[in-house]
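Welcome! Please take a look at the sequence and structure first.

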Amino acid sequence: MNTEYKPQSVESKWQKIWQDSNIFGVSQENDKPKYYLLEMFPYPSGRIHMGHVRNYTIGDVVARYKTMAGFNVLHPMGWDAFGMPAENAAIASKIHPKKWTYENIDYMRAQLRKMGFSYDWDREIATCAPEYYKWEQLFFIQMYNKGLVYKSRAFLNWCDQCKTVLANEQVVEGQCWRCGSQVFLKEHDQWFFRITAYAQELLDDIEKLKDGWPERVLNMQKNWIGRSTGTLIRFQIEGTSEDIEVFTTRPDTLHGATFMSLAPEHPLIKTLPTGTGQEREVSDFVASTLQVDTFTRTSDLYEKEGVFTGRYCINPLTGFRMPIYVANFVLYDYGTGAVMAVPSHDQRDFDFAKKYGLEIIVVIQPEGETLDPKTMECAYEGEGVLVNSKEFNGMKNTDAMEAITKHLEAINRGSATVNFRLRDWGISRQRYWGAPIPMVYCEKCGTVPVDVKDLPVLLPENVELTGTGISPIAQIESFVNTTCPVCGGKAKRESDTMDTFVESSWYFMRYCSPHSNDKPFDRNEVQYWMPVDQYIGGIEHAILHLLYARFYTKVLRDLGYIGFDEPFQRLLTQGMVIKDGAKMSKSKGNVVDPEELISNYGADATRLFCLFAAPPEKDMDWSDKGIEGSYRFLSRLWRLVLDMKEQLISTDVSSERPPKSMEPLKRKTHQTIKKVSEDIEKRFRFNTAIAAMMELVNDLYRAKETARTPEEFSVIREAVQNLLVMLSPFVPHIAEELWDALGNREMLFRFSWPDYDPSWCEEQEATIAVQVNGKLRATITVTRDSEQKAVEARALSEANVKRFLQDSDIKKVIYVPNKIINIIAAAR
RNA sequence: GCCCGAGUGGCGGAAUUGGUAGACGCAAGGGACUUAAAAUCCCUCGGAACUCAGUUCUGUACCGGUUCGAGUCCGGUCUCGGGCACCA
């Protein structure tokens, strides 16, 4: 055999064998425990990038390890195939999105195969296939019937670059998460998923994920859901029977509420000023405020401004005539879009009152201090005792919160409530390449869902893509014009498509029965495989995808499809791949192409370096020199095994006691099995597992120099065999090849993960650090588990120890067996 | 402002329960082999000092504490990263 390591031929050989024998196919099975390992599926953008390589390599190690450790492992792969890049490519180069997408899928599938990943390709799905999105349309209709889907006209985030609205989760620092351009508010008709109905459960169930999810992600979700408890208060508008509703966390300050602030988007703004002479001023203010993008408008530095609407509302406790303002800092999105202003105890309201000369009434006095509205320079937001609050005077403000809320309930002016920051999920997209929303507008019957038996509503293929902002399918008469499923009369179809995050909210269930064609999935199969035991993906989905998927799982449960609450038991968020101090990106010109790495160094070396360079959850620094090191290691392994091939084949692993000369190697072998098993199983620390195997290789090189007898080679064979088994999840091709070269018949992937012999893990001797007063003075080697007396005697006989004990009395000796002996002494 | 992380050689990173700080790898320097180079193999590699086979001092962002013993625990400070934030 040629002794030079040439990964390309080895890798393609084994990839073909794996593919031809369908070795990675799995089915429901009862004698092994199941394990569902999932990596976030990719968008088929054209080529895989280093982020994919890292993510999927980590997953593949776990999948292969778990298989060898005796689990029935589901490890599927598919494509998050709807989305805007396909459409943009179509506009730019006149390729149909469908063709573009499927060509990309073919190319990327081949790339993933070249990496040697152990996917069950029979389960591959693409979310743009009607067989997939059909079920999503069914869920939509069932959710609609249950009141979990509704349509509403609202001010929404609009990205002018992408020509579509965006969900709140998809706006990052006022910019579109995808293209980075400024997002504006625009009034739009939109379909919403009522995720807020699950806000409390999404928050509560975070408790169930504590053990398996990174705390960071759970915190982010908690912040995003943003629960706060407070009171809903109704203020009557003077001269009408209408109320303004307000949410406050400080009902204790209600007696000090002297004006009202409304968001510019508040519906009352359109009617309130009528007849007051303020109409013009208000509408000008609203128009100019709404032109400013939300991010700027809500930044700290933005000047707080407002305009009087000409109307008043009545403080329900004091009867105070509160002027109603429209103010640019009030968010329509949060609470009720209206804020009762208490300038004495809220800094923002204080500034506003000073600016417009509004009344300030102190209602909470801090201990040992008397606040005076005339001399106050800022609001007092701390605790204290109520004043100017009628029967509540003298009460501690913390107690008054409940007391005032109770009182409001009694006079029917308010109630205790819980408010969430989380908004309903707007899922309409004015784009072509997505799943059509299965609704119909009938002149007689109004908005009605498509009849379930007519699903799927197929996305028409004969479109012209222009990127003008109207849904392209709205212009296709044959699609839009339809008949009403209720009355059979003329009707028009909804022409918006669904947010692509809807597809990724349930794909992990479809993998369980990907070929089911009479229902979304088979309940038995989903119940067998789900929940996902280990999910792996990027931190950028901490809120977006992971929150939506949790929500959707709960919805499908309540629709009766499944019987569990959470989709992902454990989550690993892997770090980014960094080069030259920045995330790899085309614009920075620091992109490394995986395909080049595969052809230069092979898939195995690429995989190895991705795993070795950093622990998975940390960002990984790409290093061109580093991958050469990985390649060097594999070459070293290759030569090691093939150089000894003859001697190894002619001997067998023996259960006899090894020759003395080989005892250290046998010990190292079992220690390495233990270390590698624990690093994978308990810690997901592949870098230290690889380091341990490198050490074993280094030891094997030394052993190879001295070995002569078959008995000695037998121990080497034991080490090499186990090494190859352990390496196989990391570098599967070279491991299979060398395994085969040693004459093993069974394929490594089908081989069992090795057990270690605990008696061979322990060293015979222990190196003990000898300290005098906590400082290292010598190291001694003693037999394991030696008595303190013997160790102490040895320690005291060390010259350097004696030196430091001169003219001193020993006060105390601390002995930790096999580790350390510390002699505490004081000068005479 | 609130809530999380993280700070260790020239670099990526080890040190799992408080017990020899720097495993493994990269880079660098030296040597062997070679006509030469590549490849390979061996040695050195945190800093400083000295009486240099060795030994001492010092060192895990900074200041302090607990402990026989702290990278690890506690209190405080600084820096960096992340999330939320005019949130009523």
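**Two helices side by side**

In H19, Leu 634, Leu 637, Trp 638, Val 641 and Leu 642 meet Ile 734, Glu 737, Leu 738 and Ala 741 of H24, where contact means heavy atoms within 4.5 Å. This is a predicted model, in which local features need pLDDT of at least 70 and side-chain atom pairs count only at pLDDT 80 or more, while totals for chains, interfaces and linings use all residues. Residues are numbered from 1 along each chain as its sequence is written, chains are lettered from A and ligands numbered from 1 in the order in which they are written, and side-chain values use heavy atoms, with hydrogens and water left out.

- By class, the contact of H19 with H24 has eight nonpolar, no polar and one charged residues; Ala, Val, Leu, Ile, Met, Phe, Trp, Tyr, Cys and Pro count as nonpolar, Asp, Glu, Lys and Arg as charged, and the others, Gly among them, as polar.
- The axes of H19 (residues 624–643) and H24 (residues 732–741) come within 10 Å and cross at roughly 5°; axes are lines fitted to C-alpha atoms, for helices over the stretch in contact, and angles run from 0 to 180 degrees between N-to-C directions.
- H19 and H24 are therefore roughly parallel to each other, a label for angles under 35 degrees.
- Helices (H or I, at least four residues) and strands (E, at least two) are DSSP runs, numbered from the N terminus.

**The four-stranded sheet**

- Four strands form an open sheet in the order S30-S29-S32-S31, with mixed pairing; two strands pair if DSSP finds at least two bridges between them.
- At its edges are S30 (775–783) and S31 (808–816), each pairing on one side only.
- From one strand to the next, the twist averages 20°.
- S29 (residues 765–772) pairs with S30 in the antiparallel sense over eight bridges, and Gln 771 has Leu 776 in S30 as its bridge partner.
- Helix H25 (residues 788–796) packs on this sheet, touching S29, S30, S31 and S32 (820–827).

- Sugar and phosphate account for 65% of the RNA strand B atoms that come within 4 Å of the protein.
- An N or O atom in the side chain of Lys 304 is 2.6 Å from a base oxygen of RNA strand B.
- For Asn 687, a side-chain N or O atom is 3.2 Å from a phosphate oxygen of RNA strand B.

Methods
A residue is near a molecule or strand if one of its heavy atoms lies within 4 Å of it. A polar contact is a pair of N or O atoms within 3.5 Å; within protein, one must be able to donate a hydrogen and the other to accept it, and residues adjacent in sequence count only if both atoms are side-chain atoms. Angles under 35 degrees count as roughly parallel, over 145 as roughly antiparallel, 65 to 115 as roughly perpendicular and the rest as oblique.
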